[in-house]
Amino acid sequence: MDSFFINALVQAGTCSNHGTISGHSMLPPSFFTYHKSRRRSSQPPGHQARHVHDSSAPGELRARRRTITREEYKGLVDYYRESYTTQAGSGQSTERETPRLVLATPPNESGHLMVVTDDAWTEHKALTPTPDEMPTVLEMLRILGEDEAEQQQVFSAYSAMPFPGVAYLEDRARRRLFHLLSRVEIKSPQSMMRYLSVIDDMKSADIRIRESEWNSAISFAGRCYAKVTAVEVEAALRMWKEMEEQARVKSGNVTFSILFDIATKAGKYVLAEMILKEMASRNLPLNRFAHTGLIYYHGVRQDGQGVRKAYRDLVEAGHIVDNVVMDCVTASLLRAGELPAAEQVYERRKQLFARMTDAKVPAMNWRKMRELGNVLDKAKLAWTDDSQKIQQIQAEQYLGPDLRMYTSFVEYHCSVSGELRRVTSMLDEMQSFGIPMSGRIFVKLFKGFAFHGGVKYTSWTRARLENVWVSLKSVLDSEVKDVSIQKWMVIWMIRAFAKCCGRERTMELWAEVRSRWKPDPEELVSVHHKLMETLSPVPGSASDSRERDIDHETNNE
């Protein structure tokens, strides 16, 4: 098993466009003893998966796809092949009726909530800066014109402007400022404070705040920490009420989709249902994000039938299915404890891949994924009555295996099943599809050793853990994209070595990590505290339980 494990780990990191690793194994073949059995390929004879990172290569042929019907899309997740008229598909709930979510604002004479739409506002005229202030304003405008401007760079330039900075910007520049400040891969308390400080400046300058900007503010307030708690839910609801009661800006389906997602991730399921009922009472349709959120909602509630029902509802509503949706279905079935159903979805996704000519796994970073999601949502609205156009767009979507799907399976087998053989199998198949290694995979592997190592007769042995560390160092030295030492990787690495190797080896590892990792002071203090806590646990504490308590935090990193 060892040779299969380490070779799969090494090969999964091999990608010419993401850094180079030597073609031979980093460890001698005789180092391991496990021999894997031959695995039947789900692809037709003569077909070989190809890995292309940039679809803009000259002369490249577009993948030819056979049109898939709506019934076939619904059947992708149909594990039991049940009829769509069964209870699972009927939408009938066995739970008691939940109360509606209402605002305290009294209605006007017509009985409706008084709101202000974008058309009802007049554009704010920008203030003219003094000669001394002009350089900072010009620098702000220059940075706003850059496509790849990062949030910290944008906010630093904004902070140098005279107060309130938004008053010196025209409407278009302010919209661009909010867009760049909201464009972050993972929300954090720092990114939240930057965004909300500009919102406060808008209030100080008495400039209208649009619905989209309120939506981002609500999202930051509720999602700025890895683990969403009641505190974040309260902050998001308070922001929403300010939006409607004080600013009189009407909430759309995007607003409620964000609130629903926050409530779900905090485990406030009754509140989540109340938000859905409020949407229904306002005749707001579920957008693609909300439908996907419902799939996730049923997954965390361990309701596999609900996952399938929510997916079928998305298809029936005419929304376009892409890999974000399919990855959510796969992960949700795993959360619901339905491994066979998730594996069946995986097999069907491989079959879809095999049916495509010149099929390629697209290279999509988080920005491209979000842009694609927005485009697909708008496409559904623009061509609601043009089924042929929607079908054409749907046919262009790649639904085969991707990194997020493999990460979900690796997470499941590392944290739940403990089946190392399945982990190695997934890493091997990742390599066969040409999917490059990710730092998140290494985090999951270290987590698996922390959970399942350090006991007799376990597959998660010290030797294999050392092999993972050797592999990680080789990948880091090769500068493979998307693999770097981060806070949570270090924390799980420390716990894994403490569990499998003892205190002395863990301290040696920590010295090695420190020579490679350049964290900010706050991260370093946090990780050093975890190191001391792991090596010197509080008497009577259950370290394994403590590890699992923060499992959810790591998954959102």
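# Helices, loops and backbone angles

Modeller: Tyr 457 is found in the loop between helix H20 (439-452) and helix H21 (462-477). Helices are DSSP runs of H or I with at least four residues, strands are runs of E with at least two, and both are numbered from the N terminus. The model is predicted, so local features need pLDDT of at least 70 and side-chain atom pairs count only at pLDDT 80 or more, while totals for chains, interfaces and linings use all residues. Residues are numbered from 1 along each chain as its sequence is written, and side-chain values use heavy atoms, with hydrogens and water left out.

Biologist: What is the phi of Tyr 457?

Modeller: Tyr 457 is not a glycine.

Biologist: Is Tyr 457 buried or exposed?

Modeller: The relative accessible area of Tyr 457 is 82%. Buried means under 20%, exposed over 50% and partly exposed in between, with a 1.4 Å probe and protein chains only. At 82%, Tyr 457 is therefore exposed.

Biologist: In which loop does Gln 302 lie?

Modeller: Gln 302 also stands out by its backbone: phi is near 55 degrees, positive in a residue other than glycine. Gln 302 is exposed, at 58% relative accessible area. It lies in the loop between helix H12 (288-300) and helix H13 (304-316).

Biologist: Is the peptide bond from Phe 163 to Pro 164 cis or trans?

Modeller: Pro 164 lies in the loop between helix H5 (151-159) and helix H6 (171-182). For the bond from Phe 163 to Pro 164, omega is near -15 degrees. That bond is cis.

Biologist: What share of the accessible surface belongs to carbon and sulfur atoms?

Modeller: Areas come from the Shrake-Rupley method with a 1.4 Å probe, and for residues only the protein chains shown count as cover. The accessible surface of the protein chain comes to about 27400 Å². Carbon and sulfur atoms account for 51%.

Biologist: Among contacts between residues at least 6 apart in sequence, what share joins residues at least 24 apart?

Modeller: Contact means heavy atoms within 4.5 Å. Among the contacts between residues at least 6 apart, those joining residues at least 24 apart make up 76%.

Biologist: Are H21 and H22 roughly parallel or antiparallel?

Modeller: H21 and helix H22 (residues 487-500) pack at about 150 degrees, with axes 10 Å apart. Axes are lines fitted to C-alpha atoms, for helices over the stretch in contact, and angles run from 0 to 180 degrees between N-to-C directions. Under 35 degrees counts as roughly parallel, over 145 as roughly antiparallel, 65 to 115 as roughly perpendicular, and the rest as oblique. H21 and H22 are therefore roughly antiparallel.

Biologist: Which residues of H22 make the contact with H21?

Modeller: From H21 come Arg 462, Leu 465, Glu 466, Trp 469 and Leu 472. From H22 come Met 489, Met 493, Ala 496, Phe 497 and Cys 500.

Biologist: Are H20 and H22 roughly parallel or antiparallel?

Modeller: Their axes come within 8 Å and cross at roughly 30 degrees. H20 and H22 are therefore roughly parallel.

Biologist: What is the handedness of the crossing of H14 and H15?

Modeller: H14 and helix H15 (residues 339-354) pack at about 155 degrees, with axes 7 Å apart. They are therefore roughly antiparallel. A crossing is left-handed if the near helix is turned anticlockwise from the far one by less than a right angle, and right-handed if clockwise. The crossing of H14 and H15 is left-handed.

Biologist: Which residues does Ser 332 contact, leaving aside neighbours within four places in sequence?

Modeller: Ser 332 sits in helix H14 (residues 323-335). At 0% relative accessibility, Ser 332 counts as buried. With those neighbours left aside, its contacts are Ile 295, Tyr 296, Gly 299 and Val 307.

Biologist: How far apart are the C-alpha atoms of Arg 183 and Ala 149?

Modeller: Arg 183 is found in the loop between H6 and helix H7 (189-204), and is buried at 16% relative accessible area. Not counting residues up to four places away in sequence, Arg 183 touches Asp 147, Glu 148, Ala 149, Trp 366 and Arg 367. Arg 183 and Ala 149 are 34 residues apart along the chain, and their C-alpha atoms are separated by 9.7 Å.
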